[in-house]
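Here is a short briefing on a protein model. Keep the sequence and the 3D view open as you read.

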2 protein chains.
Amino acid sequence: MLEQMGQAAKKASYQLATLSSAKKNQALAVMADTLEANSDVILSANEKDMDAAKASGTSEALLDRLLLTPSRLAAIANDVRHVCRLVDPVGHIIDGSLLDSGLNLQRRRVPLGVVGVIYEARPNVTIDVASLCLKTGNAVILRGGKETVHTNKAMVEVIQLALSQCGLPAAAVQSIDNPDRELINQLLKLDRYVDMLIPRGGAALHRLCRENSTIPVIIGGIGICHTFVDESADFDKALAIIDNAKTQRPSTCNTLETLLVQRSIASTFLPKLSEKMKGSGVTLHASPEAMMYLSGGEAIVVPVIDEDYEKEWLSLDLNVTVVDGLDEAIGHIRAHGSAHSDAILTRSLSNADRFVAEVDSAAVYVNASTRFTDGGQFGLGAEVAVSTQKLHARGPMGLEALTTYKWIGYGDDLIRR
Amino acid sequence: MLEQMGQAAKKASYQLATLSSAKKNQALAVMADTLEANSDVILSANEKDMDAAKASGTSEALLDRLLLTPSRLAAIANDVRHVCRLVDPVGHIIDGSLLDSGLNLQRRRVPLGVVGVIYEARPNVTIDVASLCLKTGNAVILRGGKETVHTNKAMVEVIQLALSQCGLPAAAVQSIDNPDRELINQLLKLDRYVDMLIPRGGAALHRLCRENSTIPVIIGGIGICHTFVDESADFDKALAIIDNAKTQRPSTCNTLETLLVQRSIASTFLPKLSEKMKGSGVTLHASPEAMMYLSGGEAIVVPVIDEDYEKEWLSLDLNVTVVDGLDEAIGHIRAHGSAHSDAILTRSLSNADRFVAEVDSAAVYVNASTRFTDGGQFGLGAEVAVSTQKLHARGPMGLEALTTYKWIGYGDDLIRR
C-alpha cells in the first residue's frame, strides 16, 4: 500500500512542481473555503476521536489538544489563508553567471518533491503541513497519531476534494490512516519516492527515524536550552529574562531548562533567583554548590541529579548550577545541550562574542530569552519544524526549507574542452 | 577506538571553528610545504602499497590511480596552495534584520563540525579532502581504501606534523588505518560526534551508507545521464555534443549513458550517429526501433537490454532509444535516471523550458554537454562531491557545502511577549 502511495505522491509532485504561485494560492484559498464548508463532517469525525480518547482515559491536557471546535476550525482555515500571503520561494534564482566556457549557469529554487511527515496528536498539524507543502509545490505523505485517525482522515478527504476541484491531483496530500506502527517502518524505507522526512514528536520518534530511515531525516524539536549569567550581568534584567525563558510557555522546546551562574555572583544572585522563581511557581533543581545559596530561600529546591541535565523538563522545573566562568559554561552546554537554543546574559562584549562563536547551537542569544527560537518570531512566516541537526536547515525551518535547487546550464551548442 | 577518534575530532572542531581565514590559510601553506619536504617518506610508503597491489594482481588502470610520483606529489601540494586562494565561506552573514520584537537577528555561516569521508583508492583524495575541511574549519575523519593504507597513513602523519607546527590540534585530520570493514559500520553510527558523512565510491558504498548510517549522508556520484535530441535539433551540433558527452572522459559520472532520439528524426539522425560513433570507437546498445536505423551502419551495435538503462557504463558504450517526443523522453529519464545530469538538444524554446522545469535532476542542460557538471566547471573553485540527493546540497558541492549556519540573536535585555 505504501509503495502505491509513494508512486502516486511522486507522480503528483511532478505536476505540483510546475504550478505557478497564483495557481497554488488559488488552491489554498479553495482548501480554506472547503474546510469551512465541510466543518460538520470534520467535527463529527473529531467527536469519534474524542469519544475514543475519553473512553481510554486520556488526560485532560491531551484531550484539549485533540479537540476541534467550530472556532478552532475557522482559525485553522484562516491559517491556510495566511499561507497564501507568504512569498513563494519556488522559482527564485539563487545565483548564476555566464562562465568563461560560455555556459550560462543558474541555480533555481525548486520543490523537494515528496515530503513525509510523522507527527502526534494535534489535528491542526495535518492542515498546517499540507498547506505549507502545497504552497511550495511538494506532495506530502502524512502519518498522524492514532488518537486523531478519524479527524485526519476526514480532513485529508476534504483537502483532496479541494484539490480535485482545482484540477490538481488528490495524491498531492495523502495520509496513512492505518494506525499499525509497522507502516511507519515501511515509510522510513520509501527512499525511492520520498525526498525528506520530518518527524514531529518526542526523542523516541526522532531516534527511531535516525536509526531506521533510508530517507534524509530532519532531526530536531528537542530543546535542552541553557542560559549563562556571568558576573557582569544586570541582576534585575537577568531575572526577567530567566523568568520569561522558563515560564512563558514551559511546554515548548525553546524553554530554558538549565541555568548556569558564575561563581563570583552565586552568593548574591541565587537568593534573588529563589525569590523570583517562588513567585512563578518554579521548582529549582540545584547542584550542591547552588544549593548552599538557594536552600532556606523562598522557592522550592531539590538536589539536581546528573540525568536532569539532559532532560527536557517541559514543566516549571529548572536546573541551577554554578560554574567558574565562560569556559566552564560553554563546556557544560557542549556536554549536555541539544544544540537548540542557548543564551548568555552579560555586559561584556568579549564574553558575548566568545559565547556566540563557541556555542555550537542552532540559535545563540545575547541578553535575550531563548523563547525567541520560532519561525514566527524569526519572521519566516511559517514554521515547518525546528532542526537541531546541521544539514539542509538549522533552527526554525520556513518555506525555504521545503525546497532544494537545480543547476540549469544553457549553452549555444556547447562542449567541454 | 572510533569513539576516541570521534571525541578528539569534536574537540578539535571547536578550536577550528574560531580560526581566522588568515590562520587557516597559513596552516594550508605549511601543509603544502611539509608535504613536499617529506616527499621521501610518502613516496616510500606509496611503494609499499604499489608492491602489495602488484603482488595481488591489481589491474594496470588501478595501479596508475594508486601511484604517486614526485611530480604528482608536487601537483597535490600545489592543489593545497590553490585552496588557500579560495574565498572562505565561514563567518559570512547570510541575512539578518532588526525584528519588530527588538531582536537583532543574523544568520552566520559556520563550519559543520566533524566530517566523515569514506573513499576508495586515489591517494590524492586524502590531501584534497583534508585541505578543504581545514579551509572551512571542519575536523575530518578519513577512511581510505585498503589499497592505499600505507600512503594515507604517511600523508596524514605529515599533515598532523604541519598542524602541530601551526599550533593546531593534530586530531583535526585523522584517518582510520585499520582496513577492517567493521570499522566502517562503527563510523556510520558515530552520530554523537560526526555531523556529515560523504561516501566517495560506487553504488554499493552509497547504499551501505544510506541503509546503515545514523549520520546524515550525502548520496551522489552515480550518474546515469541522458541527452534527448528533439526533431528541431541541428544534427551536426547535436553529434558534436553527444560525442563530447560520451567520449571526453568516459569514466566520469557526468558522462552520457543513454541517448533519446525523437521518432520523427530517427531515420535521418541515427545513421549519422552511427558514423560519428564509429569514429570515436563507441559501441551502441540499441532499442529494437533504433536498431532498424543503426544496424548496417558503421558503428558496432548490439541490442540494449532493460538493465542497461540503469547502468553507469563508465566506458565507450551508449544506450540509444527512440521516443515519441518530449513527454516520453521526460518519462524515460524519470524512470531510469539517477537525477545527476540530463540535457536536451533543441531549437524549440518551449521544449527547452519544459525540459528544464520537468526533469528533476541536479543539473539540466539546454544545448550543452552533460560533462559540465563539475565543481571546477561551475566556478566553485573546488569539488567536495557531487550530490544527487536534494537536502543540503545538490550537484557539485563547493566549500559552502562544508558549512551550515547558526542564528544569532542580540537583545538589549529582551523577553518574548
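Rings of Phe, Tyr and Trp (its six-membered ring) pair if their centres lie within 6.5 Å; planes under 30 degrees apart count as stacked, over 60 as edge-to-face and the rest as tilted. By this rule there are six aromatic pairs over all chains. This is a predicted model: local features need pLDDT of at least 70, side-chain atom pairs count only at pLDDT 80 or more, and totals for chains, interfaces and linings use all residues. Residues are numbered from 1 along each chain as its sequence is written, chains are lettered from A and ligands numbered from 1 in the order in which they are written, and side-chain values use heavy atoms, with hydrogens and water left out.

- Buried means under 20% relative accessible area, exposed means over 50%, and partly exposed lies in between (1.4 Å probe, protein chains only).
- Helices (H or I, at least four residues) and strands (E, at least two) are DSSP runs, numbered from the N terminus.

**Aromatic rings**

- The rings of A:Trp407 and B:Phe378 have centres 4.9 Å apart and planes at 45 degrees, so this pair is tilted.
- That pair crosses between chains. A:Trp407 is in strand S16 (residues 403-414) of chain A, and B:Phe378 is in the loop between strand S13 (363-368) and strand S14 (385-387) of chain B.
- Both A:Trp407 and B:Phe378 are buried.
- B:Phe235 and B:Phe269 make an edge-to-face pair, with 5.0 Å from centre to centre and 75 degrees between the planes.
- B:Phe235 belongs to helix H10 (residues 235-247) of chain B and B:Phe269 to helix H11 (residues 263-280) of chain B, so the pair ties together parts 34 residues apart in sequence.
- B:Phe235 is buried at 18% relative accessibility. B:Phe269 is buried too, at 0%.
- One aromatic cluster is formed by A:Phe378, B:Tyr405 and B:Trp407.

**Charges over rings**

- A charge sits over a ring if NZ of Lys or CZ of Arg is within 6 Å of the ring centre and within 35 degrees of the ring normal.
- In chain A, the charged end of A:Arg107 sits over the ring of A:Tyr405, 4.6 Å from its centre.
- In chain B, the charged end of B:Arg107 sits over the ring of B:Tyr405, 4.6 Å from its centre.

**Where the chains meet**

- Contact means heavy atoms within 4.5 Å. In chain A, 72 residues are in contact with 72 residues of chain B.
- Buried area is the accessible area (1.4 Å probe) that two parts lose on being put together, summed over both. Chains A and B bury about 6300 Å² between them, 53% of it on carbon and sulfur atoms.
- On the chain A side, A:Leu391, A:Trp407 and A:Arg416 lose the most area to chain B, together 14% of what that side buries.

**Cysteines**

- A disulfide is a covalent bond between the sulfur atoms of two cysteines. Here the test is a pair of cysteine sulfur atoms within 2.5 Å.
- Over all chains, the structure holds zero disulfides.
- A:Cys84 is in no disulfide, and the nearest cysteine sulfur, that of A:Cys166, is 10 Å away.
- A:Cys84 is buried at 17% relative accessible area, and A:Cys166 is buried at 6%.

**A covered helix**

- Helix H6 (residues 124-135) of chain B has 12 residues. From first C-alpha to last, H6(B) reaches 17 Å, close to the 16 Å expected at 1.5 Å a residue.
- The expected span is 1.5 Å times one less than the number of residues.
- How many of the 12 residues of H6(B) are buried? The count is 10, so H6(B) is mostly covered.
- Among the buried residues are B:Val125, B:Ile127, B:Leu132 and B:Lys135.
- After H6(B) comes B:Gly137, with a positive phi near 75 degrees.

**Loop residues**

- B:Asp308 lies in the loop between strand S10 (301-303) and strand S11 (317-323) of chain B. B:Asp308 is buried, at 4% relative accessible area.
- Not counting residues up to four places away in sequence, B:Asp308 touches B:His285, B:Pro303, B:Trp313 and B:Asn319.
- B:Leu314 is in the loop between S10 and S11 of chain B. Phi of B:Leu314 is positive, near 55 degrees, in a residue other than glycine.
- B:Leu314 is partly exposed, at 37% relative accessibility.
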